[in-house]
Amino acid sequence: MADPWQDAMDHAVAVARRAGTMVRDAVQNDMKVMLKSSSVDLVTQTDQKVENLIIQSVTEKFPTHRFIGEESVAAGEACLLTDSPTWIIDPVDGTTNFVHGYAFVAVSIGFAVNKQLEFGVVYSCMEDKMYTGRKGRGAFCNGEALQVSDQKEITQSMVATEFGSNRDPEVVDKIFSSMRKVLCLPVHGMRGAGSAALNMCHVAAGSVEVYYETGIHCWDVAAAAVIVAEAGGVLMDVEGGPMDLMSRRVVAANCQVIGERIVKEIDAFSPERDDAA
Ligand code: IPD
């Protein structure tokens, strides 16, 4: 059957590539770094320029579609997922990496209809890796099919997580106590790419068994959630149960057993939801 969203997905891939070129060019130049929620929550003109590029180009082709974009929300727009076709955009996922010239930087474009994610495109700009996932049709990296790892033992697993950008000591304590418990299971290793979207793509690609984080936003994970699911992985909340895109909490695992095992070690907390009025 013809795919009703094929056109939109092709457009997402094309515009992600253009956006990636913009990001790569900007790394060569001086960049103006600004602050958002705190002194460690960074944003650059490139984040804003890339988001504008994506929104403009999508609007020209699909004038009725809606957007949730990291920088638009930072500028005061509502973060509201309706039944309308909606593009969920993180123009630069891994902004801190981008600012410091650390290689994991991605353009992330998710697409939802009737509040269900239909496809996701994550372009790792510096590595020139185009990750794509289309509901029911698989996940790919540069055209090669992706498959999660078949590991079922947490003690044989690679775990990814992040410190995030909240420096409230109580939150930091929870992050460290969770990490300590996970590390001492023991697991083979713990990593953090500095980009939620790429951590999840690493789960999809099989090099990481499980990624968890609290504090992410819907635009960090929407696209990669489709890629993980289509590579055979599972998504859940940090306390178990289904992932809620607006809750700012995610576990992306190669399988249910590993996901549920990691959930047992996480000291859960609940940041303000993305869709809080
Ligand atoms: C951030 C990155 C980071 C994660 C943060 C995100 P941004 O996104 O994905 O890895 O730890 O929670 O906010 O701000 O670079 O788009």
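Predicted model: local features only at pLDDT ≥ 70, side-chain atom pairs only at ≥ 80, totals over all residues.

Colleague: Where do domain 1 and domain 2 come from?

Modeller: The domain assignment of the protein chain gives domain 1 (6-145) and domain 2 (154-263). Such bounds come from an automatic or database domain assignment. The C-alpha centres of the two domains lie 20 Å apart.

Colleague: How many residues of domain 1 are in contact with domain 2?

Modeller: Contact between two residues requires C-beta atoms, placed from the backbone, within 7 Å. On that basis 34 residues of domain 1 are in contact with 23 residues of domain 2. Strand β6 gives the most to the side of domain 1 that touches domain 2, with six residues. That side has 17 nonpolar, eleven polar and six charged residues.

Colleague: Why is S195 called buried?

Modeller: A residue is buried if 20 or more other C-beta atoms lie within 10 Å of its own, exposed if 12 or fewer, and partly exposed in between; C-beta atoms are placed from the backbone. S195 has 29 other C-beta atoms within 10 Å, so S195 is buried. S195 is found in the loop between β11 (189-191) and α6 (196-205). Leaving aside neighbours within four places in sequence, S195 is in contact with D93, G94, N97, F104, V105 and A106.

Colleague: What makes a set of residues the largest nonpolar core, and which members touch the most others?

Modeller: A nonpolar core is a set of buried Ala, Val, Leu, Ile, Met, Phe, Trp, Tyr and Cys residues joined through C-beta atoms within 7 Å. The largest has 78 residues, and V122, M200, A204, V210, I227 and V228 touch the most other members. Helix α7 (residues 218-230) supplies the largest share, eleven residues. At least three residues come from each of domain 1 and domain 2. Not counting residues up to four places away in sequence, I227 touches G120, V122, Y131, G133, A139, L146, M200, C201 and A204.

Colleague: How do you know that β7 and β8 pair?

Modeller: Two strands pair if DSSP finds at least two bridges between them. Strands (E, at least two residues) and helices (H or I, at least four) are DSSP runs, numbered from the N terminus. Strand β7 (residues 129-134) and strand β8 (residues 138-141) pair in the antiparallel sense over four bridges. G133 has A139 in β8 as its bridge partner. In their hairpin, which has three residues between the strands, G136 takes a positive phi near 80°.

Colleague: Why are β3 and β9 called edge strands?

Modeller: Seven strands form an open sheet in the order β3-β4-β5-β6-β7-β8-β9, with mixed pairing. β3 and β9 each have a single partner strand, so one side of each is left without a neighbour in the sheet. Strand β9 (residues 144-145) runs antiparallel to β8, joined by two bridges.

Colleague: What makes β12 mostly covered?

Modeller: In strand β12 (residues 210-214), five of its five residues are buried. V210, Y212 and T214 lie on one side, Y211 and E213 on the other, and both faces are covered. Two bridges join β12 to strand β10 (residues 158-160), and these run parallel. With strand β14 (residues 249-253), β12 pairs in the antiparallel sense over five bridges. There, the bridge partner of Y212 is V251.

Methods: Residues numbered from 1 in each chain as written. Nonpolar A, V, L, I, M, F, W, Y, C, P; charged D, E, K, R; others polar.
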